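Thanks for coming. I will go through a few local features of one model, starting with a loop and then moving to the strands and helices.

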Amino acid sequence: MCRYSNSGEGLHRFVDPVDQRVYLYTQFETADARRMFANAEQPDQKATFQLTVLAPSQWVVFTNAASIQPTDIGDGFGRFEHATTKKMSTYITALVAGEFHVERSTIASTSGDVPASVACRQSLAQHLDAERIFATTQYGFEVFEGTFGVPYAFGTYDQIFVPEFNAGAMENAGCVTFRDEYLFRSRVTSREMDARDNTILHELAHMWFGDLVTMRWWDDLWLNESFAEWASHYANDVIAERYSTGANPWASFSNERKAWAYLQDQLSTTHPIAADMSDLEKVEQNFDGITYAKGASVLKLLVSVVGEKAFAEGVHEYFVKHSYGNTTLGDLLVELEAASGRDLSWYTSQWLETAGVNTLTADFDIDDEGRFTRFDVVQGATDEYPTLRTHPLGIGLYALDADGKLNRTSYVEVDVMGERTAVAALVGVAKGDLVLLNDGDRTYAKIRLDDESTRTLVDHFGGLTDPLARAVAWTSFWEATRDGELAAQDYVSLVLAGLPTEEDMAAVSTLLGQAGSAALSFTAPELRDDLNAKLVTGLAKLLKAAEPGSDKQVLLARALIASVRSGGVDLLTGWLNDEEVPAGLAIDTGMRWSITSALAKLGAIGHDEIGAELDRDNTSAGAESAAGAAAALPDADSKAQAWTLATADPDVPNETHRAICMGFWRYGQDEVLEPYPAAYLDLLGRISRREGIWEAKGYAAIGTALRWLFPQPLVSDSLVATVEAWLGDNEPSEQVRRAVNERLDEARRALRAQERSRQA
């Protein structure tokens, strides 16, 4: 007999505060099925499973087999005896049970109609937009079955939105679970809808890559996650073109997911995509931006190299030969080499077995007429990770017209190899005003712009209309800011100037977040107030000019709420009272909590006002938001209470714990936060020794505390030295060491950027 959990691991139990209904769901990856039933638990130990569940008769019970009606066994209970599953790994088995609201349908598959459902707890039923979820799922079936040439294998397809989920979703075979924050209770933008579509498609892709064919051991975890990440964006792109959805998946991928990959790959804890997973703790740590986003970027590169047709043919053969079995990377490459006729050994050694990101720069000479007499692409690497790789690279040349539009006048593709690659095709070609390496975003690399191209984009970013070209350019500026080459003030100015012409909502969301980070962590403390005032003024102007009711208006309003300081208290208070609200902007539940959190951070409200807001939204999501807002309050008692809840209370649910940790550290609260860097070091010791509540806490809760309770707003040379000394003088657990080293990496980067801001 095993206990229910409230950590989101094993068999999680949740009681909805709205109506006291009980909900259960499993989360087993990587090795938590043993929390529910005895097993030999590793991915190559596949078997069939048959679940019989005794539960209240009015409950709905989902497993990997089709849903059934219970047999009455008396006293209001029933026996749910499910059919035997196909052969699968333990980590993708599932049990989900409770008084769920369920919408049922069928999905058309090449093997016939597949019974399908979407479900959520009763209190969220009004927010379950089942029609769009079913539509996205149907489109995904069409793309994946058409591309892979292999029918869906698991007989049923249920998608259940569950509370307090640690990840985005989980690919249990035929029984996918999603965090129920994906059921939007407030106005959201197309960016959030597209992101949810992408998650739906990501989990569906796993039904083939991961569930039907599974890695032999976790060394090839990337084969699961990188492939699903690539496949979801590929499918979304096909769907957008086929059904004119308006989405731009590869631009969103470039703006959001690759930014995550570049960040992760420049940490001291980076690792090869195909990593050595010697134990389960390493597996847990490598569910990261390398395994997901860099891996998907490199798969996208591989598709570009071998061709989409050969890639699909190779993957088809891979699925046919290894259905219901286990594989290694070599099994996939054999089929891709056979389909494409290309030797891919270089790809493995350069891209999968080494870490780090290259930097590409254009080095050229021009004549008196502005034509290239020489054009080289120079490839660099860091001393720690010196690998020079083969990059399939697009190079675009752009010229300004009289209206300020940047028109592409030339485009060439070249394979960059080694330190310097000559591009003969550009000799004699007019340079124009902008030279853009990685135009089309074919490769994975940091791009450095030449001085004239930089000036052109600073003055005329709006003239660059292609979404992918804009994404590559934005990324170049952001990486230059992170590297301390571009001052934070200049980056904020560039974002404010470029946002009026930015139509990709993933880009708008990303840029607003990056500008906010630049104005805080990348700006010297003595300069923050002035830059923040500039940012707030700029956001207010953009918000005033935004189309009422538009996605951009919502994103700008959120950014403004997050950025305002004491001078904006009256404005935000007025919005809460429906005063002077911009036309078309809904101050709904989500927006009210954003405002409440902002006012709490500024000390403009207290626990009573937060409690009153919770009375308006007496749900689990409301309780989580209230806990986060209370943690942000800038008084000693509130901070002490929040710290205790985050570090010493065993009964705080995992999602509430996350909200408290994320709300605790706030810029501008230095005095009240002064005791907590020392408390953080004490926490590291207790976690490493598994003392107190940390004896029973799972990996996710520990990771949340390590990540979000690091004293980022108080970063200084002395703080970095103190934390470094603690690591040297103690014996932290591997999870603690890795997490803290990552925070130190970002702290050092922030200090370098702050010094650059002083020189601007």
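T30 sits in the loop that runs between strand 2 (22-27) and strand 3 (52-56). Helices here are DSSP runs of H or I with at least four residues, strands are runs of E with at least two, and both are numbered from the N terminus. The bond between E29 and T30 is a cis peptide, with omega at about 10 degrees.

Before going on, the ground rules. This is a predicted model, in which local features need pLDDT of at least 70 and side-chain atom pairs count only at pLDDT 80 or more, while totals for chains, interfaces and linings use all residues. Residues are numbered from 1 along each chain as its sequence is written, and side-chain values use heavy atoms, with hydrogens and water left out.

Now strand 2 itself. How many of its residues are buried? Six of six, where buried means under 20% relative accessible area, exposed means over 50%, and partly exposed is in between, with a 1.4 Å probe and protein chains only. V22, L24 and T26 point one way, Y23, Y25 and Q27 point the other way, and all are buried.

Strand 2 has pairing partners, and two strands pair if DSSP finds at least two bridges between them. Strand 1 (residues 10-15) runs antiparallel to strand 2 and is joined to it by six bridges; V15 is partnered with V22. Six residues lie between the strands of that hairpin, where Q20 has a positive phi near 65 degrees. Strand 7 (residues 95-98) is also antiparallel to strand 2, over three bridges, and there Y25 is partnered with V96.

Two other residues have a positive phi without being glycine. Y324, with phi of about 65 degrees, lies in the loop between helix 7 (308-322) and strand 14 (326-327). Y324 is partly exposed, at 26% relative accessible area. D578, with phi near 65 degrees, is in the loop between helix 16 (569-576) and helix 17 (589-601). D578 counts as exposed, at 63%.

Last, helix 23 (residues 676-689). Its 14 residues should span 20 Å at 1.5 Å a residue, and its end C-alpha atoms are 20 Å apart, which agrees; the expected span is 1.5 Å times one less than the number of residues. Ten of the 14 are buried, including Y680, L684 and R686. The buried residues pack against several helices, among them helix 20 (636-647) and helix 26 (734-759), contact being heavy atoms within 4.5 Å. Just after helix 23, R690 takes a positive phi of about 55 degrees.
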